[in-house]
Amino acid sequence: MGALASIVTPEYVRVSRSSGNSSTLADLQGEITAIRSGFPDLVTTIDAVVVEGDQAAIFWTSTGTHTENFLGVPPTNRRVQTRGCNHANLVGGRIAREEVTWDGSELLHSLGVRHLSDTPSTPPEVTVEDFSGDPDPQVMKTFNRQFITGVTVVTTQDGDTPRGLAVNSYASVSLEPPLVMVCIQKTSSTYPALFAATHLGINILGTNQRETIATFASKTPDKFAEVDWHAAPNGSPLIDGSPASLEAEIRERFQAKTHTVFICRVRHAEVVEASPIIYKAGRFYDSDDLTQL
Ligand SMILES: Cc1cc2nc3c(=O)[nH]c(=O)nc-3n(C[C@H](O)[C@H](O)[C@H](O)COP(=O)(O)O)c2cc1C
């Protein structure tokens with residue numbers, strides 16, 4: 001890191017060509033530390049350096065294995081190679097300003113993750129980062145309590161161990177193609193297995209599965225000990241007696257700060273005659289006892 005400081009000027013600034021964002025030497029040092037800790041075997045090779053007057057172009061390749069947490073992404077053990085080019089303006093033989101073709105999102109892409117702010121369809125003036133004056137979290141809580149949902153259990157197979165958690169952030173995205181989404185907190189003990197999985201199961205729970213919800217909303221080590229389940233074609237645990245269950249292939253993982261949004265393509269679905277449970281403001285209700293308007 002000291003060597004890096006010695007080849008740049010005190011006013012050093014680094015500009016990402018893709019995002020237009022500027023960063024300082026301290027930002028760059030932080031980024032390098034994060035990459036080195038996520039990819040401990042990282043090797044960077046300088047492929048070519050072209051200098052003309054006070055301009056230089058540096059072409060490089062980095063290769064490493066993702067064996068440790070990197071920017072919230074649990075180890076995938078993927079071997080990743082990434083290339084970049086830095087265009088440097090030199091002052092007194094030191095780099096004063098660099099334009100770089102590479103930024104951290106490149107590595108995240110190769111690990112199968114995208115940030116919501118990377119989505120091309122997001123209008124530039126509105127991103128997940130852009131809320132000036134966020135509403136009070138209490139107001140958001142009150143807002144969410146006005147939203148009625150069902151409850152699902154999202155599952156995956158972690159080697160020989162079935163895992164899962166209670167989730168009400170399920171939504172159907174589209175029918176053709178059959179896409180669904182769930183939003184999972186990164187601190188969930190199920191998250192690393194879900195992140196590494198190719199498929200997941202989504203079970204819509206019924207009025208007679210109140211106990212099952214309690215189990216899957218807890219941190220109980222073996223949540224499947226008390227429930228009967230069967231494996232979907234790609235191994236995802238489907239809970240017997242659920243009004244509906246599906247298995248879906250994970251297609252996109254969007255990082256949204258504390259949570260990851262999984263967009264999945266449904267590959268298998270089962271529906272039985274049973275009433276789904278209703279969840280509103282922390283309480284559960286019977287869907288057979290509704291008044292039609
Ligand atoms: C009704 C209900 C809905 C929930 N929805 C979600 C959700 O959408 N995403 C999430 O990450 N956690 C959700 N949770 C919380 C998790 O189920 C809970 O944190 C659980 O203990 C996680 O277990 P794990 O850490 O063993 O994976 C919900 C809990 C309940 C009771």
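Strand 1 (residues 8-16) and strand 2 run antiparallel and are joined by 2 bridges. The model is predicted. Its chain is divided into domain 1 (2-112) and domain 2 (139-286). The points below take up the domains, an open sheet, a hairpin, the surroundings of the ligand and a nonpolar core.

**Domains**
- The C-alpha centres of domain 1 and domain 2 are 38 Å apart.
- Domain 1 gives 4 residues to the contact, and domain 2 gives 6 residues.
- On the side of domain 1 that touches domain 2, there are 1 nonpolar and 3 polar residues, and no charged ones.

- An open sheet is made of 6 strands in the order 2-1-6-5-4-3, and its pairing is mixed.
- Strand 2 (22-23) and strand 3 (43-52) are the edge strands, each pairing on one side only.
- Where strand 1 is joined to strand 2, R14 stands opposite S23 of strand 2.
- Strands of a sheet pair through backbone hydrogen bonds, in either a parallel or an antiparallel sense.

**Hairpin**
- Strand 10 (residues 171-174) and strand 11 (residues 179-185) form a hairpin, with 4 residues between the two strands.
- Their pairing is antiparallel and spans 3 bridges.
- S172 has V180, in strand 11, as its bridge partner.

**Ligand shell**
- There are 16 residues around the ligand, and those that come nearest are S169, Q185, S188, T190 and A217.
- By type, the shell holds 8 nonpolar residues, 7 polar residues and 1 charged residue.
- Strand 9 (161-167) supplies at least two residues of this shell, and strand 11 likewise supplies at least two.

**Nonpolar core**
- The largest nonpolar core has 27 residues, of which V153, V154, L200 and I202 touch the most other members.
- Two or more residues of this core come from each of several strands, including strand 8 (152-158), strand 12 (199-204), strand 14 (237-239), strand 15 (244-256) and strand 16 (259-271).
- Helix 5 (191-196) also gives two or more residues to the core.
- Strand 9 and strand 11 are on the list of core elements, and both also supply residues to the shell around the ligand.
- Leaving aside residues up to four places away in sequence, I202 touches T152, V154, Y170, V180, V182, S245, L246 and A248.
- Among these contacts of I202 is V180, the bridge partner of S172.

How values were computed. Residues numbered from 1 in each chain as written. Predicted model: local features only at pLDDT ≥ 70, side-chain atom pairs only at ≥ 80, totals over all residues. Pairing = 2+ DSSP bridges. Near = placed C-beta within 6 Å. Nonpolar A, V, L, I, M, F, W, Y, C, P; charged D, E, K, R; others polar. Domains from an automatic or database assignment. Contact = placed C-beta atoms within 7 Å. Core = buried A, V, L, I, M, F, W, Y, C linked by C-beta atoms within 7 Å. Buried ≥ 20, exposed ≤ 12 C-beta atoms within 10 Å, placed from the backbone.
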